[in-house]
Amino acid sequence: MALRPSRLITAALASVSILASACTADAGDTDDSTNTLSRRRTPTGEDIGKVSPGLQQYANNVVVEGLWSRPGLSPRDRSVVTVSALIARNNTVEMPQQITAALDHGVEPRELSEIITHLAFYSGWGNAMSAVAITNDIYTERGIATTQLATPARQPLPLDEAAEARRADTVEQDFGTVSPGVVQYTTDVLFRDLWLRPELAPRDRSLVTVSALVASGQVAQIPFHLGRAMDNGLTQEEAGEALTQLAFYAGWPSVFSALPVAREVFAGRP
């Protein structure tokens, strides 16, 4: 009997958990001086100054005192954008500080957990596992239990059957003969399961997706997902400010590659 999409995700995550446990056990046999991803720390201002005083100045005067205080996007949303970009690029050194900041800025533990789950599909399983290792330490330090990671009285979000049918038909026509497996999982797991998980609001899930796409340079995928984000409630001002945030955390080239695409999406909105 075929597994339901929700069980496919559960089974897949379970298999990865077993693999991760095995890797942890193997790591325990190595020398204590070996640094794991979960033990890396974000450099302090003093650390940065010893290596690059210019970078320290920009970090303090432009990023901390300027970027994070800009209007147009709340600190919570800036954290969502930043964490998504770091996971998408597997920038693990910065993750502990930014994941901690996200929790301090009001991102709920279940929402952060769901961001990692979502990005396993949009940025790759390995990147999600790096985030799991780091977030596990933070959750342990804060006493965050697994009971806090699921929505009470959990029910899937409603599905727009007509819109999903149009999307599925288009993908089937374009790529059904190229990779039937990708087409099947895209429908069964992503759009009929992952996107309906209630632990993350549709607007936030879209913000996570767009941030990851920009950060990883997946320009071709931005029009659909940016349009979907705005359908889900993200405003043009918020989208523009998310790109500003991403300029610092994903780099100017990635954002300038995305700007013409964003302009076209904005121009096509009613």
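## Two words to start with

A residue is called buried when its relative accessible area is under 20%, exposed when that value is over 50%, and partly exposed in between. Keep these cut-offs in mind as you explore, and remember that this is a predicted model.

Ser 79 lies 25 residues away from Asp 104 along the chain, and the C-alpha atoms of the two are separated by 9.5 Å.

## The chain as a whole

Which kinds of element make up the chain? There are 13 helices and zero strands.

Of the 270 residues in the chain, 40% are buried. The accessible surface of the chain comes to about 14,400 Å², and carbon and sulfur atoms account for 56% of that surface. Contacts can also link parts of the sequence that lie well apart: among contacts between residues at least 6 apart in sequence, 76% join residues at least 24 apart.

## A histidine on the inside

Now turn to helix H6, which covers residues 109–122 and holds His 118. Is His 118 buried or exposed? With a relative accessible area of 0%, His 118 falls under the 20% cut-off and is therefore buried.

What does His 118 touch? Leaving out residues up to four places away in sequence, His 118 is in contact with Leu 194, Trp 195, Arg 205, Val 208 and Thr 209.

## The second largest pocket

Rolling a probe the size of a water molecule over the atoms shows where empty space is left. Here, the second largest pocket has a volume of about 710 Å³. Its lining is made of 23 residues, and those closest to the pocket's centre are Ile 48, Ala 59, Val 63, Glu 94 and Tyr 249.

Where does the lining come from? Helices H2 (45–51), H3 (53–64), H5 (95–104) and H12 (236–249) each supply at least two of its residues. The largest share comes from H3, with seven residues. Sorted by class, the lining of this pocket has 14 nonpolar residues, eight polar ones and one charged one.

How values were computed:
Residues numbered from 1 in each chain as written. Predicted model: local features only at pLDDT ≥ 70, side-chain atom pairs only at ≥ 80, totals over all residues. Heavy atoms only, no water. 1 Å grid on protein atoms, 1.4 Å probe; cavity = no way out; pocket = protein on both sides within 12 Å on 5 of 7 lines; lining within 4 Å. Points joined across faces, edges and corners; volume = space filled by probe spheres on them. Helix = DSSP H or I, 4+ residues; strand = E, 2+ residues; numbered from the N terminus. Nonpolar A, V, L, I, M, F, W, Y, C, P; charged D, E, K, R; others polar. Buried < 20%, exposed > 50% of the residue type's maximum accessible area, 1.4 Å probe, protein only. Contact = heavy atoms within 4.5 Å. Areas by Shrake-Rupley, 256 points an atom, 1.4 Å probe, with all protein chains shown as cover.
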